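Dear colleague,

Please find below the sequence and the structure that I am handing over to you. My findings follow directly after them.

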Amino acid sequence: MKQRTLGTGGPSVSAVGLGLMGMSEFYGATDDSQSVATIHHALDIGVNLLDTADVYGAGHNEGLLGRALAGRRREEAVVATKFGSRANADRTTFTVDSTPEYARQAVDASLQRLGLDHIDLYYLHRRNPAVPIEDTVGALAELAAAGKIRHIGLSEVNADTLRRAHAVHPITALQSEYSLWERGLEDEILPTARELGITVVPYSPVGRGFLSGKITDTASLAPDDYRRFDPRFQGENLQNNLKLAERVRTLAAEADHTPTQLALAWLLHQGEDIVPIPGTKRITYLEENAAAADIRLDADQLAALEAAMPPGAAAGPRYPEAFMDRVNN
């Protein structure tokens, strides 16, 4: 597995990481035994950046990763988790808490669930604009000085917030949605991250699975699958987006890759400071994703992908309206 470095002087990680969220919720049925086997196989093949969050499965996801790493496997992994998104008891609504007080509380709870003495990369999952980012990052800097975390990351913040945060303490990684069908960060956020030496860690790098070409409607998805409510999977938006996915499928067939691999390879070709974290619960898909790190695309292939899916091509907002105010803050 090819390696890339997070931030300036951060850890060396696999060029393609593994997102664990779907192992606990949002994407249908889960199987802990299968998930642990997938995490172990990821480490076996060199995929070492493992991404979780305290809110995934109300702590279940962190506990699952902790069990998978128990024993000798801890040293093989670069563990990333997040705080700041808080769900109510029945997980129907979420609030954002980026206060220093909650950061201190949340990190201890995550360490306990993970069974670790430190977290390699600790993200602010979402930012409440009412809380100065300087206060939040100042608290995270204290946690780093105390040895509870090694590196600080932010998720879904704008360029100004990123710059202000970095002035308080070096930010190692920015995790935001980025893919062929979501390129909103290319105008201001990505250039700012590059200026500051911050690695971008794209989540949903295959458009929540849409660019795989395997999803043509929502009827076949599990009743609790988030994509049943995603605007890009609905009605006229879906019909327009299916045409885009078909273009990717055609180009992938010409290159003898899967559409998923082509979408990931495109991201990896955007720069050495890009480390996507596609999520999966299954070893088969894990191996498919990891293989994208070895794909070389030539100028003609990259140009064809740009023509097939230019910025802004995807129809519909990337989140339901109620969630859009929580991104790029």
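Phe233 is placed in the loop between β11 and α7; helices (H or I, at least four residues) and strands (E, at least two) are DSSP runs, numbered from the N terminus. Please note that this is a predicted model, in which local features need pLDDT of at least 70, side-chain atom pairs count only at pLDDT 80 or more, and totals for chains, interfaces and linings use all residues. Residues are numbered from 1 along each chain as its sequence is written, and side-chain values use heavy atoms, with hydrogens and water left out.

Is Phe233 buried or exposed? With a relative accessible area of 1%, Phe233 is buried (buried means under 20% relative accessible area, exposed over 50%, partly exposed in between, with a 1.4 Å probe and protein chains only). Not counting residues up to four places away in sequence, Phe233 touches Trp181, Gly207, Arg208, Phe210, Ile215, Thr218, Arg227 and Leu238, where contact means heavy atoms within 4.5 Å.

Aromatic rings

The structure holds seven aromatic pairs. Rings of Phe, Tyr and Trp (its six-membered ring) pair if their centres lie within 6.5 Å; planes under 30 degrees apart count as stacked, over 60 as edge-to-face and the rest as tilted. One of the pairs is formed by Phe83 and Tyr102, which is tilted, with 6.2 Å centre to centre and 50° between the planes. This pair links distant parts of the chain, as Phe83 is in strand β5 (residues 78-83) and Tyr102 is in helix α3 (residues 100-114), 19 residues apart. Both Phe83 and Tyr102 are buried.

Trp181 and Phe210 form a stacked pair, because their ring centres are 4.9 Å apart and their planes are at 10°. Trp181 lies in the loop between β10 (173-177) and α6 (189-196), and Phe210 in the loop between β11 (199-203) and α7 (235-255), so the pair ties together parts that are 29 residues apart in sequence. Both Trp181 and Phe210 are buried.

Arginine also meets aromatic rings here. Arg232 lies over the face of Trp181, at 5.1 Å from the ring centre, and the charged end of Arg208 sits over the ring of Tyr319, 4.8 Å from its centre. A charge sits over a ring if NZ of Lys or CZ of Arg is within 6 Å of the ring centre and within 35 degrees of the ring normal.

The sheet

Seven strands form an open sheet with parallel pairing, in the order β3-β4-β5-β8-β9-β10-β11; two strands pair if DSSP finds at least two bridges between them. Which strands stand at the edges? They are β3 (18-19) and β11, each with a single partner strand, so one side of each is left without a neighbour in the sheet. The parallel pairing of β3 with strand β4 (residues 49-51) runs over two bridges, and Gly19 has Asp51 in β4 as its bridge partner.

Helix α5

In helix α5 (residues 159-168), Ala159, Thr161, Leu162 and Ala165 are buried. Seen down the axis of α5, its buried residues fall within an arc of 160°, so they line one face of the helix (the arc is that of the directions from the helix axis to the C-beta atoms). The elements that cover these buried residues include α4 (133-145), β9 (149-155), β10 and α6.

Yours sincerely,
A colleague
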